[in-house]
Amino acid sequence: MLKLRSIIKFALLLGFWFLLSGSMDWQHVVVGAVVTALLMLFWRSPERRGGRFSLKPLAYGILVALVMAWEILKSAWHVACIVLSGCKVDPQLVWVETPLQSPLSRVIFANCITLTPGTLTVSLEDNRLLVHALTPEFAGGLRDWKVHRMLRKMEEMA
């Protein structure tokens with residue numbers, strides 16, 4: 001028995017497919033229906049939350065993306081000031097421990113570090129990251145970074 005929610009999801013995904021493809025000939029309809037059905041089959045999950053859908057994780061993910069964009073801008077400004085002023089650079093390799101449990105959360109954290117100018121994740125082993133930092137300030141800021149705290153909260157929500 002198909003639930004109304006599944007039918008609505010299917011219709012929305014298929015509509016999105018038609019919007020992206022820009023055509024509604026029979027080939028696009030067949031391929032769109034097959035891809036949509038496979039996508040729904042692949043992404044189905046056990047009803048862990050009692051069947052309730054929540055926008056809270058999505059909203060929190062958007063908030064993390066906005067905070068990350070701000071962190072990238074701040075770091076880029078700081079790196080530009082260092083380069084333009086001719087200040088001495090003191091690069092360091094530091095190990096950063098993370099309490100994040102899931103491998104996906106740790107990879108996201110490592111990528112956030114790498115996306116931020118002035119830092120680069122060199123290695124990720126279990127819950128430890130080896131990070132190259134341009135200055136000691138960049139290295140010290142990773143220990144209690146706002147993005148790291150937000151990822152921990154997101155992990156607790158899941």
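A residue counts as partly exposed when its relative accessible area lies between the buried range, under 20%, and the exposed range, over 50%. Glutamate 97 has 45% relative accessibility, so this residue is partly exposed. The values here come from a predicted model.

Glutamate 97 takes part in a salt bridge. Its side chain meets that of arginine 128, at 3.7 Å from N to O. Glutamate 97 belongs to strand β1 (residues 92-97), while arginine 128 belongs to strand β3 (residues 128-133). The pair therefore ties together parts that are 31 residues apart in sequence. Arginine 128 is also partly exposed, because its relative accessibility is 31%.

In total, the model has 3 salt bridges. Another of them joins the side chains of lysine 74 and glutamate 71, with an N to O distance of 3.4 Å. Both residues sit in helix α3 (residues 56-85). They are 3 residues apart, so about one helical turn separates them. Lysine 74 is partly exposed, at 40% relative accessibility. Glutamate 71 is at 12%. This value is under 20%, so glutamate 71 counts as buried.

A further salt bridge links the side chains of aspartate 144 and arginine 149. Here the N to O distance is 3.3 Å. Aspartate 144 has a relative accessible area of 52%. The cut-off for exposed is over 50%, so aspartate 144 counts as exposed. Arginine 149 is partly exposed, with a relative accessibility of 34%.

On the α3 side, the contact is made by Lys56, Pro57, Tyr60, Gly61, Leu63, Val64, Val67, Met68 and Glu71. On the α6 side, the contributors are Lys146, Val147, Met150, Lys153, Met154 and Met157. By class, the contact comprises 10 nonpolar residues, 4 charged residues and 1 polar residue.

Conventions. Residues are numbered from 1 along each chain as its sequence is written. This is a predicted model: local features need pLDDT of at least 70, side-chain atom pairs count only at pLDDT 80 or more; totals for chains, interfaces and linings use all residues. Side-chain values use heavy atoms; hydrogens and water are left out. A salt bridge is a side-chain nitrogen of Lys or Arg within 4 Å of a carboxyl oxygen of Asp or Glu. Helices (H or I, at least four residues) and strands (E, at least two) are DSSP runs, numbered from the N terminus. Buried means under 20% relative accessible area, exposed over 50%, partly exposed in between (1.4 Å probe, protein chains only). Contact means heavy atoms within 4.5 Å. Ala, Val, Leu, Ile, Met, Phe, Trp, Tyr, Cys and Pro count as nonpolar, Asp, Glu, Lys and Arg as charged, and the others, Gly among them, as polar.
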